[in-house]
Amino acid sequence: MRDASFRFVVVVLLMGAAGFLLQARSNSEIFPPREPLSSLPNQFGPWVGQELVIDQQTLDILGAGEFLHRNFENPRQREPWVDLLIAYFPSQRAGDTIHSPNHCLQGAGWVPIQREVIRLSRPDGSTFPANRFVTSKAGDRELVIYWYQAHNRGVANEYWSKYYLVTDSIRMNRSDGALVRLITPMYRKETPEAAQARVMGLGSQLIPLLNRYIPR
């Protein structure tokens, strides 16, 4: 209980500091050029995507930003789909910062039953941390992989993302950032590792392109 209270206080302080700094420097905030999320390829190898509509209630929760939501399927194999959500925020002012998808999942009835931090690879051989959740609802399971990305930096921890939001606003005069989330349903006895391999069949092709839409 103390840990939860401490984390809450830390987040509030970081968000308050970020909001203060951004408001103080809003006139000179930098918005780097980038490609719109809508121009992200609709096919990665055998994976073909279909646009999904984000309802207004969810948009209101997400705040002011640009969003892409697609469902990818592999017609060559009878495998479960992979759901992709990218939420990009050109500016994160007080109240418009990135929300953890864990809250949304639990709000929809998906309860985390297993969670850990994994390492994902970039084409240059470097790695970055991401969250891997196994969630459950009415006997069904889903694998969720997500991370926060800004300025060529991938972060799993929500609190570290707030810390970098503050430091980047000072150092770079930028507050842009994004959430990248991938979800797939799991077979009855499928392991998280097997489901992750399926997700990253798409994700490994997506990662090298992200700097076009989430600028360095």
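This is a predicted model: local features need pLDDT of at least 70, side-chain atom pairs count only at pLDDT 80 or more; totals for chains, interfaces and linings use all residues.

Modeller: Residues are numbered from 1 along each chain as its sequence is written, and side-chain values use heavy atoms, with hydrogens and water left out.

Colleague: What makes the contact between Asp 83 and Arg 181 a salt bridge?

Modeller: The term requires a side-chain nitrogen of Lys or Arg within 4 Å of a carboxyl oxygen of Asp or Glu. For Asp 83 and Arg 181 the closest N and O atoms are 2.8 Å apart, so the pair qualifies under that cut-off.

Colleague: Why are Asp 83 and Arg 181 called buried?

Modeller: Buried means under 20% relative accessible area, exposed over 50%, and partly exposed in between, with a 1.4 Å probe and protein chains only. Asp 83 has 8% and Arg 181 has 12%, so both of these residues are buried.

Colleague: How do you know where Glu 193 and Arg 132 stand on that scale?

Modeller: Glu 193, with a relative accessible area of 47%, is partly exposed, while Arg 132, at 4%, is buried. These two also form a salt bridge, their closest N and O atoms being 3.2 Å apart, and the pair links helix α5 with strand β6, 61 residues apart. Salt bridges that share partners join Glu 116, Arg 132 and Glu 193 into one network.

Colleague: What makes a group of residues a nonpolar core?

Modeller: The members must be buried Ala, Val, Leu, Ile, Met, Phe, Trp, Tyr or Cys residues joined through side-chain atoms within 4.5 Å. The largest such core has 32 residues, and Trp 147 is one of those with the most contacts inside it. Helix α5 gives the most to this core, with 5 residues. Apart from it lies another core, of 15 residues, including Phe 89 and Trp 110.

Colleague: Why is the span of α4 described as close to the expected one?

Modeller: The expected span is 1.5 Å times one less than the number of residues. Helix α4 has 14 residues and reaches 20 Å from its first C-alpha to its last, close to the 20 Å expected.

Notes:
Helices (H or I, at least four residues) and strands (E, at least two) are DSSP runs, numbered from the N terminus.
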